Amino acid sequence: MNWQKLQWIDVRILYVIILLCLLIPMFKPIGLPVSISENTRKVFEAIESLPDGSVIWVSHDTGPGNAPELNPMISAVARQAFRKNCKIIATSFFNEMVGPALTQEYIESVAKEMGKEYGVDWINLGYRVNASPAILQLLIDDINKAMSGVDWKGEPLDKFPIMKEVKSIRNDVDLIFVTTVGTPGYGDWMTYVAEPLGKPLTGGASLTMYSGLQQYIRSGQLKGFLGGLRGAAEYEQLLKAPGKGLAGMDAQSLGHLTVIIFLILGNIGYFASRKKA
Amino acid sequence: MKRQLPIIIVFVTALFVMVTKFFDLGTFSKTAQDELNLWITVSSVFAFLLGPINLVRLHWSNVEKKRPNWVYSAILLVVLVISTIIMFVDGVNGKVSLFIVDKIANRIDSAIYAMLGFYVCSAAYRSFKLKNTEASILLISAVILMLGQAPIGDAIIPNTSKLAEWILTVPNSAGMRGIRIGASIGAFAASIRVILGLERSWTGTGS
């Protein structure tokens, strides 16, 4: 056999195999168990340790590209918060186009399921331009001023009971949960809000960003963090509420396995060609 | 004056921000910072105008001069005009506007990002070779992380996810700290040069 050819397999074959590996588990899940990482457990415990009825600030700072990784985290944090009768103040500062709409969609679906009311148990304040540092610093003492007095649909904040209780992050918010794909993200929230106020900060990031924030978890500045779809799946498992995170794990398993097999084949071909040369 | 005025503004503003941030001037510090934050927000809204203006100028010129692939520029301009009109008429949170954002723009963006996954796979297959020690470390770490990030890793080799987590939290964390400290010192030095007027390329008048 000509082993050298293994490094020049037509990439279209790779594309088709990857596609099948991603599609098949969606119709026929394998259901592999997901082990829980320490970082995910810390996120869960940070929220679990809050007193019932606390206020959690959820900033879904995502764009459309990374949304499939991060959306399940928003559903999961909303579920955990509402189970503890916590209130959620939501924002979305990364992408004006999709962030607020995704935040609304994912929190609303959990809120409806759990009988929580918009404006009473949670609110979506939406997007504001130039969040970091200006809006973040304004939010510390005056949420109403920072968000120009309206929610994401332009409704005045004064009419919502939740905003009568929550006036500032400094005095009224107990934990900050931030999803991150870029700027603004966890770094901005840490620098301008969480660290100066001593508020616990946690959340989740796309897997590409996850490797860059480990030092903040080790230093305790982040109370754990969820990494990509895997992190979301682990979080769902801890909550015992399977969602899109766990559903995507089988596809991710087969996809990664395919790439590794192709890496091995490519290297066999490479060594065969070196030996011949 | 055209060169000096921007530098003077930057120097005075930077000095003002530093003094109000690092010295306790009572309520004055807080009020000044809040006011500055509002200024930043307002001025950055104006900067948003530059984007569409430059975009239209560039693509209009492509269409006018019939440059290669000018059709795409024409499509962009038409879509830009239509979506802008719809957003103005329907409102940014109107039904039609949200349909455009969620069902068209969002889906296209997600699809393009998803396609990157296929390219990454093919690039990894073609380039990840055990050529030397550095490449071998990179390849082995990548394989462990790929296995560790999916449940199948633990099913094939137990505790792969723990090993992947260790790679992320220890060697990777050490490297990232070094990079961040270096980048921060660099940014600090560059800022000092701008504040002191030693770096003037941003004024458009050369360094």
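1. The side chains of Asp141(A) and Lys30(B) meet in a salt bridge, with 3.2 Å from N to O, where a salt bridge is a side-chain nitrogen of Lys or Arg within 4 Å of a carboxyl oxygen of Asp or Glu. The count between chain A and chain B is 1 salt bridge.

2. On the basis of the note: this is a predicted model, in which local features need pLDDT of at least 70 and side-chain atom pairs count only at pLDDT 80 or more, while totals for chains, interfaces and linings use all residues. Residues are numbered from 1 along each chain as its sequence is written, chains are lettered from A in the order in which they are written, and side-chain values use heavy atoms, with hydrogens and water left out.

3. As to the extent of the interface, 60 residues of chain A are in contact with 50 residues of chain B, contact meaning heavy atoms within 4.5 Å. The area buried between the two chains is about 5,000 Å², and carbon and sulfur atoms give 64% of it; buried area here is the accessible area (1.4 Å probe) that two parts lose on being put together, summed over both. In chain A, Tyr15(A), Gln215(A) and Leu263(A) lose the most area to chain B, together 11% of what that side buries.

4. Across the interface of chain A and chain B, 22 residue pairs are in polar contact, both residues being at pLDDT 80 or more; a polar contact is a pair of N or O atoms within 3.5 Å, and within protein one must be able to donate a hydrogen and the other to accept it, with residues adjacent in sequence counting only if both atoms are side-chain atoms. Among the elements that give two or more residues to the side of chain A that touches chain B are α1 (11–27), α5 (131–141) and α13 (244–276) of chain A, and α13(A) gives the most, with 15 residues. Helices are DSSP runs (H or I, at least four residues), numbered from the N terminus.

5. Ser37(A) is found in the loop between α1 and α2 of chain A, and at 12% relative accessibility Ser37(A) counts as buried, which means under 20% relative accessible area (1.4 Å probe, protein chains only). The side chain of Ser37(A) makes a polar contact with the side chain of Thr40(A) at 3.1 Å, and, leaving aside its neighbours within four places in sequence, Ser37(A) is in contact with Glu234(A) and Glu165(B).

6. Chain B has 8 helices and 0 strands, and buried residues make up 26% of its 207 residues. Along its principal axes the C-alpha trace of chain B spans about 65 × 50 × 40 Å.

Key
Buried < 20%, exposed > 50% of the residue type's maximum accessible area, 1.4 Å probe, protein only.
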